[in-house]
Every structure is written in structure tokens, then in C-alpha cells.
Amino acid sequence: MNLIQEYIELTKTCASTDYGDKKSVKLHNKSVDKMYEIAEKIGYEQTTDTIEDFAKLLDKTENKTNVWAAVHILERIPTDKTIEEKALKIIKQQADGDSAEAMGFKIWLDNYKRK
């Protein structure tokens with residue numbers, strides 16, 4: 001399994017997290033750590049998967065793969081302006097609203113803008 005395919009599998013794990021179950025939450029957290037690891041490997045070009053290959057995940061909405069990829073691109077992968085803007089647009093859509101999740105993305109965006 002290549003790293004991008006593994007990343008997609010990890011987003012499935014996160015999408016099915018049961019926050020009332022400690023084991024499920026632990027698996028979720030391990031999955032997120034692994035996704036960061038994959039993003040960094042691709043960002044530092046330590047793999048056959050390219051940044052452009054990874055950026056294609058921004059079009060994959062199933063299991064919020066695009067949202068995870070957007071965060072990981074903006075936090076860990078050096079990219080061009082086009083990819084950065086696409087990733088930011090995805091995050092801004094997530095930040096729209098009054099849910100706890102939207103509030104989290106608003107805070108994330110504020111922190112990102114300060115960098």
C-alpha cells in the first residue's frame with residue numbers, strides 16, 4: 001500500500017471514531033499522528049508520492065479526507081500558492097457556522113494567519 005492510500009485508510013478510521021469509547025479515541029489519535037508522519041515524508045520528498053499527488057486529496061470529500069489533507073498541507077508541506085489557496089478555502093468552509101467543530105477551525109485559521 002502506498003502512503004497516500006494508507007492516508008485515505010487513516011481518514012476512514014478517524015471518520016468512524018466513537019468519542020465515548022477510549023479505545024476508539026486512542027486509535028483516532030494514533031491515526032492522526034500517522035497522517036502527520038505521512039504528510040511530512042511527502043513534504044520532505046522522502047517517498048515516491050509527490051506533493052502534487054498528495055494535493056489531489058483536496059478533491060476527496062469522503063471521510064473528510066480533503067479537510068485532513070488541507071490541514072496537513074498547510075501545517076507540514078511546502079506548496080505553491082494555488083494548492084495553499086485551495087486548502088485554505090476548504091478550511092474556511094469548515095469554519096463557517098456555530099458548531100464546536102466550526103469554532104475549532106476558526107481558531108485554527110486565526111493561528112495560521114498569525115504565522
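1. Trp108 is buried in this predicted model, with a relative accessible area of 16%. Tyr112 also counts as buried, because its relative accessibility, 16%, falls below the 20% cut-off. The rings of Trp108 and Tyr112 form a stacked aromatic pair, with 5.2 Å from centre to centre and 10° between the planes. Both residues belong to helix H6, and being four residues apart there, they are separated by about one helical turn. An α-helix has 3.6 residues a turn, so residues three or four places apart point the same way.

2. The count of aromatic pairs comes to two. The other pair joins Tyr7 and Phe54: the ring centres are 4.9 Å apart and the planes stand at 80°, so this pair is edge-to-face. An angle over 60 degrees is what places a pair in that class. Tyr7 lies in helix H1 and Phe54 in helix H3 (residues 51-55), so the contact ties together parts that are 47 residues apart in sequence. Tyr7 is buried at a relative accessible area of 0%, and Phe54 is likewise buried at 0%.

3. As for length, the 13 residues of H1 should span 18 Å at 1.5 Å a residue, and the end C-alpha atoms are 18 Å apart, which agrees.

4. Helix H2 can be checked in the same manner. Its 22 residues should span 32 Å at 1.5 Å a residue; the end C-alpha atoms are 31 Å apart, which agrees. The buried residues of H2 are Ser24, His28, Ser31, Val32, Met35, Tyr36, Ile38, Ala39, Ile42 and Gly43. They cover an arc of only 160° around the axis and so lie on the same side of H2. On the other side of H2, the exposed residues are Lys22, Lys23, Lys26, Lys30 and Asp33.

5. The largest pocket holds about 350 Å³ of space. Its lining consists of 17 residues, and those nearest the pocket centre are His28, Val67, Trp68, Glu101 and Phe105. His28 is also one of the buried residues of H2. Four helices each supply at least two residues of the lining: H1 (3-15), H2 (22-43), H4 (65-76) and H6 (100-114). The largest share, five residues, comes from H4. By class, the lining has ten nonpolar, four polar and three charged residues.

6. Two backbone angles should be noted. Most residues other than glycine have a negative phi, and most peptide bonds are trans. Glu45, although not a glycine, has a positive phi of about 55°. Glu45 is found in the loop between H2 and H3 and counts as exposed, at 64% relative accessibility. Asn63 has a phi near 60°, again a positive value in a residue other than glycine. Asn63 is found in the loop between H3 and H4. At 24% relative accessibility, Asn63 counts as partly exposed, because that value lies between the cut-offs of 20% and 50%.

Methods
Residues are numbered from 1 along each chain as its sequence is written. This is a predicted model: local features need pLDDT of at least 70, side-chain atom pairs count only at pLDDT 80 or more; totals for chains, interfaces and linings use all residues. Side-chain values use heavy atoms; hydrogens and water are left out. On a 1 Å grid over the protein atoms alone, a cavity is a set of points where a 1.4 Å probe fits but cannot get out, and a pocket is an open set with protein on both sides within 12 Å along at least five of seven lines; lining residues have an atom within 4 Å of a point. Grid points are joined across faces, edges and corners, and a volume is the space filled by probe spheres set on the points. Ala, Val, Leu, Ile, Met, Phe, Trp, Tyr, Cys and Pro count as nonpolar, Asp, Glu, Lys and Arg as charged, and the others, Gly among them, as polar. Rings of Phe, Tyr and Trp (its six-membered ring) pair if their centres lie within 6.5 Å; planes under 30 degrees apart count as stacked, over 60 as edge-to-face and the rest as tilted. Buried means under 20% relative accessible area, exposed over 50%, partly exposed in between (1.4 Å probe, protein chains only). The expected span of a helix is 1.5 Å times one less than its number of residues. The arc is that of the directions from the helix axis to the C-beta atoms.
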